[in-house]
Amino acid sequence: MTEQTVKRPRGRPRKNQQVDLEKASSEGLAVSRLRMGEIGSLALQRIRDDSERMKNKELKWPNCIMTYESMKLDATVATALNTTYMLVEKPFNDFFIRHKKGSIKSKEAAEFIEYCFKNLDNQTLRQVARSAATMNEYGFAVFEKVFSKITRGKYKDKYQYRLSKLAFRPQGSLDIRQPFKFSDDSRELVGLWQNNNAFDTMNGIFYVNYLKNQDPQVGSVFIPISKVALFAMNATSANPTGVSPLNAAYKAYREKVVI
């Protein structure tokens, strides 16, 4: 039998005529393809490590002052702080001092304290509470107790002096080298240093220009603890100045900024 070559018909195939179709395939060919999934990463672990490393510096005095000021501009942090301020201020619209029932001395003392708080000079107790609430930012809030002589009223002949003002001392105005002074055995807080140059402001942040190796006494005013009303958050006997609640939110805040 002689082999014959069968040629495919050209043109349109006839009815009932079978036509072989060849399927195109890249099998066996070196064809580069675009990977559809992720190859790189956000390096979240590196961001966490950087945040942890920066925490030691940014939460240390006096750098923490600027760190807290920056955190206050974050929407989430600002909402939490503003809510806290509202809750703290509200009860001081109308207040009274409790006393020990059945004790005449306790009642008289409570009435005199209430008299002092309701007759502060150019100040209300609500304003004091608002400033005291800044311990939620910095961990502590400092006031200087100011007294004046009683010249009139029902306590004129009974008491010689009264509390006339609780003067707020901003945290950023304290001496950046030695804000607090402790006793020689480091067991008690004996006072604090406030620097007068701290009221030169730059970009809304307290800024102090110090000479190298300057002692805290130079250009600073010492306020003894007997004149100080100190409010502190999470304070202990080992750390009477407290710890800022913002410290716990720092890492999440810093990672958010870095990302």
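**Notes on the sheet and the aromatic pairs**

1. Let's start with β4: six of its seven residues are buried, so the strand is largely enclosed by the rest of the structure. Bear in mind that this is a predicted model.

2. β4 belongs to an open, three-stranded sheet in the order β3-β4-β7, and the pairing is antiparallel. The edge positions go to β3 (180-182) and β7 (220-224); each has a single partner strand, so one side of each has no neighbour in the sheet. From one strand to the next, the twist averages 30°.

3. On the β7 side, β4 (residues 189-195) is joined to its antiparallel partner by five bridges. If you want a place to look, Asn-195 stands opposite Ser-220 of β7.

4. On the β3 side, three bridges hold the antiparallel pair β3 and β4 together. Here Phe-182 is the residue opposite Leu-189 of β4. The hairpin formed by β3 and β4 has six residues between the strands, and in it Ser-186 takes a positive phi near 60°.

5. Lys-181 lies over the face of Phe-222, 5.4 Å from the ring centre. As for Lys-118, its charged end sits over the ring of Phe-95, at 5.4 Å from the centre.

6. Now the aromatics: searching the whole structure turns up 11 aromatic pairs. In one of them, Phe-112 and Tyr-115 have ring centres 6.2 Å apart and planes at 25°; planes under 30 degrees apart count as stacked, so this pair is stacked. Both residues are in helix α4 (residues 104-118), where being three residues apart separates them by about one helical turn. Phe-112 counts as buried, because its relative accessibility of 14% falls under the 20% cut-off.

7. How is the pair of Tyr-155 and Tyr-159 arranged? This one is tilted, with 5.7 Å from centre to centre and 40° between the planes. What about the burial of Tyr-155? Tyr-155 has a relative accessible area of 6%, so this residue is buried. Tyr-159, on the other hand, is at 26% relative accessibility and therefore counts as partly exposed.

Conventions. Residues numbered from 1 in each chain as written. Predicted model: local features only at pLDDT ≥ 70, side-chain atom pairs only at ≥ 80, totals over all residues. Heavy atoms only, no water. Pairing = 2+ DSSP bridges. Helix = DSSP H or I, 4+ residues; strand = E, 2+ residues; numbered from the N terminus. Axes fitted to C-alpha atoms, helices over the stretch in contact; angles between N-to-C directions. Phe/Tyr/Trp six-rings, centres within 6.5 Å; stacked < 30°, edge-to-face > 60°. Buried < 20%, exposed > 50% of the residue type's maximum accessible area, 1.4 Å probe, protein only. Lys NZ or Arg CZ within 6 Å of the ring centre and 35° of its normal.
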